[in-house]
Every structure is written in structure tokens, then in C-alpha cells.
Amino acid sequence: MLGRFHVTQADLLGRGGESEVYALEGARVLRVYKEGMDPGYVARRAALYALLEARRPAFELPVVLESGVEGGRLYTVERRMRGRDFAAALPTLHGAERERALASYLRTAAQIGALRFPEEPFGELLTPGEPLRRDSWPEFVWDRAQQALADSLPHLERDVPRIHELLAHVRAELRALEGLAEKALVHGDYFPGNCYIDDTLNVCGVGDFGYTTVVGDPRLDLAGAVAYLEVTDGYRPEDTPLMMRLLAEAHGPEMARWIGLYRLYCALYFSVCFDSDPRTYAWAVRNLNAWGGER
């Protein structure tokens, strides 16, 4: 694969759970997927990017220029995103510059939610196999949380003493969302590592829509923007109250209620990382215990 595209390990830009990305000439990148990746998933993601690009969003998206198989490995050639990795830049930002970047980060999360899918059911867009989809948003959120809990509940019962009270609270809060009609694009893993910022410290691009991407309540990405920042290198404790203030100014004080609900959902969703990613699991437990009053 690397020989065909004339790249070496020196051209490696980054690696994640799904793929490795290498720089190519002509403002392009080569994405090499891990063995066993579902070809249908890769094709659906390319189609989603094309659909979203046609809607001219306020931010740049990856565009797949070519795809194929080489040596049994799936690959795509994509347009290289402009700007720089926000997660890499975050530790270097201070004062007004940091606030400006975080404000743009929140605005872009809201811009994702401006992309609507009124004809789609609530639920997953890209998940391999049989995606979870429901006629109501609360039903989808609850059932998706139950999927995670099927693996993680024994661990959470040990680590979160009030987990069952918390689940009853989540169920009750979801009832208040019955009848939600908004069917917005939700990235589902919106954090600085999936964002690109330009020289003016504005978020100019968003990548890595994937397994977590759903049609649903756009407030979920606003909550993720706040909650997932806390597990990003370079996070500072004062970032959270700053972003909550910015959200209240932009969306009203009632936003705090929904950020609280979706923060719990995000923690439940990623509680499955108890073995594979102890840092993320510890973050999930901290969030869940913060509701229960444990320390």
C-alpha cells in the first residue's frame, strides 16, 4: 500500500481506532483502514460526506476522491483538510485566544446541528450491520444506552454506587423529550481531535464522522463538545464553566439541563471502554459519580 502511493512512515499524519492517515502530494491524504474494516461502512461514510458537501455547510468536511483495496486493505484518498489539529493547538492557547477558539468550537457544534434529515428515522447512520433506529428520539437514546450497559453495567455497579438511581433519572428526563421533532445531524464524537482550526483560531473543518454519527437532537453535540473536552490533553478546569457560560448566552439558561442529561448519556455510551481505554472509562465514572454526589 505505502509503496504504491510512494509514502513512508515519515508521511504519517496520525492514527486512530479505524485507520492511519498519510500525507500525499496535491493537498491529499491517504487513509489506510485496519484489517477487517467493513467495506459498506467505508462506502456509506464517503456517500454521507458527498451528501453533506452538496449542502454547503459552514465548515469543511473530508471529501473522498478515490477508494479501493490494495493487499487486502481498504483505502481512500481524500482531500486534505486545511488548518491544524485543534487538539494539538489547544495546550498552546491562553487568555482571549483560548476563549475565541473555544467559542468557535461551540458555534461549529451548533452548525453541525443545522444540517437536517427530516425523512430519516432517529438513530444511527453509519454503524455496520443493522443500525439502531427508532421512531422517537428518547426511545433511541435509551435503547442505545442499554446496548452499552449490556457490557458495562457490572463494572458500573461496582464503580458508581448510585448507578440505578442515575438510570432512573435519565429515563425520567428523556420522557420530557417525547415528541421531539428535530432530526439533525449529530457527529456523536465531537471533540478537539476531530476539529481543525485556522490561523484566526476559528474551527474551519470537522472530520471523522463515523460509528457515533446519528440523526437526532443537535444538543447532543453541544454536550459532547463540553464533556469530551475534559478527556483531551490540554484541557483546563476553567474551560468547562467558560463553555457553559457561552452556551447559556447563545441558547438560554435552560441549555444546562440538557447538557447535564446528555453528559450522562455520553458517559454511559463510552462506559464500554472499561478494558480498552481506561482513561476514558475513568472519565465516564467521574461524570456518573458527579451526578450521584460521590467523590
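Author: 12 of the 15 residues of α9 are buried, so α9 is largely enclosed by the rest of the structure. Buried means under 20% relative accessible area, with exposed over 50% and partly exposed in between (1.4 Å probe, protein chains only).

Reader: Which residues of α9 are buried?

Author: Among them are Met255, Trp258, Ile259, Cys266 and Tyr269.

Reader: What does α9 reach from its first C-alpha to its last?

Author: Helix α9 (residues 255–269) reaches 21 Å, close to the 21 Å expected. The expected span is 1.5 Å times one less than the number of residues. Helices (H or I, at least four residues) and strands (E, at least two) are DSSP runs, numbered from the N terminus.

Reader: What's the basis for the numbers?

Author: This is a predicted model, where local features need pLDDT of at least 70, side-chain atom pairs count only at pLDDT 80 or more, and totals for chains, interfaces and linings use all residues. Residues are numbered from 1 along each chain as its sequence is written, and side-chain values use heavy atoms, leaving out hydrogens and water.

Reader: Switching to strands. In which sense do β4 and β5 pair?

Author: Antiparallel, over 6 bridges, between residues 64–70 and 73–79. Two strands pair if DSSP finds at least two bridges between them. Glu70 stands opposite Arg73 in β5.

Reader: And which residue takes a positive phi in that hairpin?

Author: Gly71, near 60°, with 2 residues between the strands.

Reader: What order do the strands of the open sheet take?

Author: β8-β7-β12-β9, with antiparallel pairing. The edge strands, β8 (133–134) and β9 (184–186), each pair on one side only.
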